[in-house]
Amino acid sequence: MSGPAAFPDRDSTAAKLSSFGDTDQAFIRLLMENPEQDENLLEGLYRHLDVAAEARFLNSLKLEKLGEWLGNEAPPRLQMRFMEAARSSQHPAYQAFRAGLNKSGGLQRAFPKV
């Protein structure tokens, strides 16, 4: 017997990150509460950033807002992984997401300097 199905898949998570309404935010919060869903969430984030990087029009403000929201809402265990995702490319889509993460200060709250 195989393990549990990967739900949500990366495409549905990426769609939630892309539209990002109130119900989508609630969905993402639920994913962040469960450590077993971390990989699905991160795969969806990478997919969302890749799609944004390939788009004809780059909505950098929306990506920055997403980064800031995730930085403010995500638990400490995800802060480093989000920053790794943001630093994985020099494309402006990733840079906008990273700017939002930096603005939120989530990484500094998760790992305060001693």
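Predicted model: local features only at pLDDT ≥ 70, side-chain atom pairs only at ≥ 80, totals over all residues.
User: Is Phe 20 buried or exposed?
Analyst: Phe 20 counts as buried, because its relative accessibility is 10% and the cut-off for buried is under 20%.

User: Back to helix 6. How far apart are its end C-alpha atoms?
Analyst: They're 18 Å apart. Helix 6 has 13 residues, so at 1.5 Å a residue it should span 18 Å, and the two values agree.

User: Which of its residues are buried?
Analyst: In helix 6 those are Ala 93, Tyr 94, Ala 96, Phe 97, Arg 98, Gly 100, Leu 101 and Ser 104.

User: What covers them?
Analyst: The cover over the buried residues of helix 6 includes helix 3, helix 4, helix 5 and helix 7, which is 106-110.

User: OK, helix 3 then. How many residues does it have, and how far does it reach?
Analyst: Helix 3 has 17 residues and reaches 24 Å from its first C-alpha to its last, close to the expected 24 Å.

User: Which residues are buried in helix 3?
Analyst: Among them are Leu 41, Leu 42, Leu 45, His 48, Leu 49 and Ala 52. Asp 38, Asn 40 and Gly 44 are buried as well.

User: What covers the buried part of helix 3?
Analyst: Helix 1, helix 2, helix 4, helix 5 and helix 6 are included in that cover.

User: Who does Leu 45 touch?
Analyst: Leaving aside neighbours within four places in sequence, Leu 45 is in contact with Leu 17, Leu 66, Leu 70, Phe 82, Ala 85 and Phe 97.

User: Which residues touch the most other members of the largest nonpolar core?
Analyst: Leu 45 is one of them, along with Ile 28, Met 32, Leu 70, Phe 82 and Phe 97. The core has 26 residues. Helix 2, helix 3, helix 4, helix 5 and helix 6 each supply at least two residues of this core.

User: New topic: how much space lies in the largest pocket?
Analyst: About 280 Å³. It is lined by 15 residues, and the closest to its centre are Ser 18, His 48, Ala 52, Lys 62 and Leu 63.

User: Which helix gives the largest share of that lining?
Analyst: Helix 4 does, with 4 residues. Helix 1, helix 3 and helix 4 each supply at least two.

User: What's the lining like by class?
Analyst: It has 10 nonpolar, 3 polar and 2 charged residues.

User: Where is His 48, and what is it in contact with?
Analyst: His 48 is in helix 3. Apart from neighbours within four places in sequence, His 48 is in contact with Ala 14, Leu 17, Ser 18, Leu 63 and Leu 66. His 48 has a relative accessible area of 10%, so it is buried.

User: Last one: is Glu 73 buried or partly exposed?
Analyst: Glu 73, in helix 4, is partly exposed, with a relative accessible area of 35%. Its contacts, leaving aside neighbours within four places in sequence, are Arg 29 and Met 32.

Conventions: Residues numbered from 1 in each chain as written. Heavy atoms only, no water. 1 Å grid on protein atoms, 1.4 Å probe; cavity = no way out; pocket = protein on both sides within 12 Å on 5 of 7 lines; lining within 4 Å. Points joined across faces, edges and corners; volume = space filled by probe spheres on them. Nonpolar A, V, L, I, M, F, W, Y, C, P; charged D, E, K, R; others polar. Expected span 1.5 Å × (residues − 1). Buried < 20%, exposed > 50% of the residue type's maximum accessible area, 1.4 Å probe, protein only. Contact = heavy atoms within 4.5 Å. Core = buried A, V, L, I, M, F, W, Y, C linked by side-chain atoms within 4.5 Å.
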